[in-house]
Amino acid sequence: MVEGVAAFAHQFDDAEQQRTASNLGIWLFLATEILFFGVLFAAYAITRVRFPEAFAAASRLTSLPLAGTNTAVLLTSSLTMALGVHAAERGARRALVGWLSVTVALGCTFLVIKAVEYRVDYLEHLVPALNFRFPGPQADQVELFFYMYFFITGVHGLHVLIGIGCIATIAVMASRNAFTPAYYTPVDVTGLYWHLVDIIWLFVFPVLYLISRP
Amino acid sequence: MTNHTVTRPGVYIAVWLILLALLALTVTAAYMPLGWAKTPVNLAISVTQASLVMLFSMHLRRAHPLVKIIAVIGFFGIAIMIVLTLFDVLTR
């Protein structure tokens, strides 16, 4: 442990207190993120209990192979991020940069697969207000599902994109020797954000893709 | 983060394997004839997965009590929002 110099800012008693403060701060932010997505899930829940058959029919039109793969990709990126934070705790700079780079690559993979999925949705005329077409009954309610599908996955994708930007920044900082075992708060905080984006997807996945499968 | 103990990498890998197994389980459940229980089963698996990520990957297990409270408040807020809204919608 590096003691004293630059291990913590002057308003803190010690490095431990500083760590707890930053941890508290990021969790407070994460709680607001949970509430932000909570509103979307609440809107989803209300609409689904009103139109259960339409939501089941709409869910069958989504691509489970692509979304399932993406879930595995995101879970794996959460592992590599955790291993990155572990490397930071030990002060293993090369391992830290390596794990962060893998995490960025996996985040990009997620977005690419998501883009492929959107393209499939477009070709199948599932994009509301653009080319939506549904031959069966309750076409308007099915379209409502797809409004939510694109909004929820779109906002989540934006969070993934922001996460990738943060992790890439941290990777550059790490390669310039910005962190020590006594101070690696940016790595820790970015990791917590990335895990939360993962957790949100763990709920998005079943409610959009798994409602009703044949 | 009160006692700054480091989680071993093996723990993260074990959690990852369990998370992937739960993913396979939730997809399998979606294809089974569970009727009304399908969504509750899917969501229970999601809650289990989210708990594992929070306790181990996000180190909530060894977090300061205040941090634990804030983490719980976020999910508690959602629960209130969804449950009370549904009470209104379903009883009209």
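Helices here are DSSP runs of H or I with at least four residues, strands are runs of E with at least two, and both are numbered from the N terminus. Asn177(A) has this positive phi although it is not a glycine. I placed Asn177(A) in the loop between α5 and α6 of chain A. Is Asn177(A) buried or exposed? With 8 C-beta neighbours inside 10 Å, Asn177(A) counts as exposed. The cut-offs I used, with C-beta atoms placed from the backbone, are 20 or more other C-beta atoms within 10 Å for buried, 12 or fewer for exposed, and partly exposed in between.

**Ground rules**

I noted that this is a predicted model, in which local features need pLDDT of at least 70, side-chain atom pairs count only at pLDDT 80 or more, and totals for chains, interfaces and linings use all residues. Residues are numbered from 1 along each chain as its sequence is written, while chains are lettered from A and ligands numbered from 1 in the order in which they are written.

**Chain A, loops and helices**

I looked up His125(A) next. His125(A) also is not a glycine, yet has a positive phi of about 60°. His125(A) sits in the loop between α4 (93–123) and α5 of chain A. With 13 other C-beta atoms within 10 Å, His125(A) is partly exposed.

Then I checked helix spans. The expected span is 1.5 Å times one less than the number of residues. Helix α5 (residues 139–175) of chain A has 37 residues and reaches 53 Å from its first C-alpha to its last, close to the 54 Å expected. The 27 residues of α3(A) should span 39 Å, and its end C-alpha atoms are 39 Å apart, which agrees.

**Core**

I turned to Asn23(A), in helix α1 of chain A. Asn23(A) is buried, with 23 other C-beta atoms within 10 Å. Asn23(A) and Val189(A) are 166 residues apart in sequence, but 7.0 Å apart in space, C-alpha to C-alpha.

The largest nonpolar core has 80 residues, and Leu100(A), Phe145(A), Ile200(A) and Val204(A) have the most contacts inside it. Helix α6 (residues 185–209) of chain A gives the largest share of this core, 17 residues. Such a core is a set of buried Ala, Val, Leu, Ile, Met, Phe, Trp, Tyr and Cys residues joined through C-beta atoms within 7 Å. Leaving aside neighbours within four places in sequence, I found Phe145(A) in contact (C-beta atoms, placed from the backbone, within 7 Å) with Ala54(A), Phe55(A) and Ala58(A).

**Chain B and the interface**

I counted three helices and zero strands in chain B. Its radius of gyration is 17 Å, well over the 12 Å that the globule rule gives for 92 residues, so chain B is more spread out than a compact globule. That radius is taken over C-alpha atoms, and the rule is 2.2 Å times the number of residues to the power 0.38. Buried residues make up 27% of the 92 in chain B.

The contact takes 37 residues from chain A and 40 residues from chain B. On the side of chain A that touches chain B, the largest share, 17 residues, comes from α1(A).

**Confidence**

Chain B has a mean pLDDT of 90, and 95% of its residues reach 70 or more. pLDDT is the predictor's confidence in each residue, from 0 to 100. For the complex, the predictor gives an ipTM of 0.92 and a pTM of 0.92.

Technical notes:
Contact = placed C-beta atoms within 7 Å.
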